[in-house]
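Please read the numbered points beside the coordinates.

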Amino acid sequence: MYYLNYDNENLFLEQHNKIILISYINFYYFMKKLKEMNKIELNGLRLTTKNTLIIDLTSISPLINIFNSNNNIIVDSYVKIKLNNLVINQEDDEILKNIINKYLENTFESKFDDIDIDYIKLFKAYSNLNIENEKIFFKMLYSIINSDEYEEVIIFYKKSIINEFKLQNIEEIDNKKVILFEICDKNSKLETNDNILIFDKEITQLRVDELFDLIIKKSKKYDIKNKDTYIYLINKIIFYAINGKEVDLMKKYENEISELTEILNKEFKLKFTDTSDYL
């Protein structure tokens, strides 16, 4: 269990958390504060850019940057960790210094004393690592996670994005310093005991089983024998996850779907489009 305190909000987090977005403004404010790391504490640790790494896998743009080798978060951190223990032998050190000294002499037409080279800074500034596939990405990521460089690694992702880039193993990471936030999309599915954060005007925190029970209690059509069916329908309504094979099945429960949609709208302010439009 993780305890996040920010802007007078107290959130209890699991290693894997799911976010349902109603208000992008509130979520933007949350992300802005988190990335600024302004007075945010996690389990009593004041988060800073030095002890916390945030990785954004929620849209195409950052993923494209990663696979074009332009993602500073992954590349810079990986290079820094790998080069911290770099040892240049004396012969190579002399060769490099002679090359640079010769260049400076030719450029400025004057001789210079031997110079000191910060190799880590030099390589970080000018190295271009090509992350061609998910195997290299995970090699870098695990190198960062398993290092002592960061105390916390926070990853935001969407299923549709990680599926497209074959990064599903993100969800299998089991490390105490890693916290996962899944921004729910049509490929998401709520599982029993999931920890849900609903971003509306305020942040509402619920367990999935609590959410399902609250919704079902409001239903006048509910029969306890059909609990699994109701859980299935709620998932489908929340994530618009109906495919062609499910149309006939969903039509069978059109009345229940209408009632559940009304409950979600009225009680939880989850304002979905009319479900019948996509049946």
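Which residues have the most contacts inside the largest nonpolar core? They are L57, F137, L141, I155, L167 and I170, in a core of 31 residues.

1. Basis of the note. This is a predicted model, in which local features need pLDDT of at least 70 and side-chain atom pairs count only at pLDDT 80 or more, whereas totals for chains, interfaces and linings use all residues. Residues are numbered from 1 along each chain as its sequence is written, and side-chain values use heavy atoms, with hydrogens and water left out.

2. The cores. A nonpolar core is here a set of buried Ala, Val, Leu, Ile, Met, Phe, Trp, Tyr and Cys residues joined through side-chain atoms within 4.5 Å; buried means under 20% relative accessible area, exposed over 50%, and partly exposed in between, with a 1.4 Å probe and protein chains only. Helices (H or I, at least four residues) and strands (E, at least two) are DSSP runs numbered from the N terminus. Another core, of 25 residues, lies apart from the largest one and includes F27, I40, I54 and F181.

3. F137. With neighbours within four places in sequence set aside, F137 is in contact (heavy atoms within 4.5 Å) with L57, I66, F67, I74, I131, L167 and I170.

4. α3 against α6. The two axes come within 9 Å and cross at roughly 60 degrees; α3 is therefore oblique to α6. Axes are lines fitted to C-alpha atoms, for helices over the stretch in contact, and angles run from 0 to 180 degrees between N-to-C directions. Angles under 35 degrees count as roughly parallel, over 145 as roughly antiparallel, 65 to 115 as roughly perpendicular and the rest as oblique. The crossing of α3 past α6 is left-handed, the term for a near helix turned anticlockwise from the far one by less than a right angle, with right-handed used if clockwise. From α3, I74, S77, Y78, I81 and K82 meet F137, K139, M140, S143 and I144 of α6. By class, this contact has 6 nonpolar, 2 polar and 2 charged residues; Ala, Val, Leu, Ile, Met, Phe, Trp, Tyr, Cys and Pro count as nonpolar, Asp, Glu, Lys and Arg as charged, and the others, Gly among them, as polar.

5. α3 against α5. Helix α5 (residues 119-126) packs with α3 at an angle of about 155 degrees, the axes being 10 Å apart, so the two helices are roughly antiparallel. Here α3 makes a right-handed crossing. D76, V79, K80 and L83 of α3 meet I120, F123 and K124 of α5, a contact with 4 nonpolar, no polar and 3 charged residues.

6. Positive phi values. Most residues other than glycine have a negative phi. D7, in the loop between β1 (2-6) and β2 (9-13), has a positive phi near 45 degrees and is partly exposed at 38% relative accessible area. K166, in the loop between α7 and β8, has a positive phi of about 60 degrees and is exposed at 54%.

7. D185. Leaving out residues up to four places away in sequence, D185 touches K158, K159, S160 and F239. The C-alpha atoms of D185 and S160 are separated by 7.2 Å, and the two residues are 25 residues apart along the chain.
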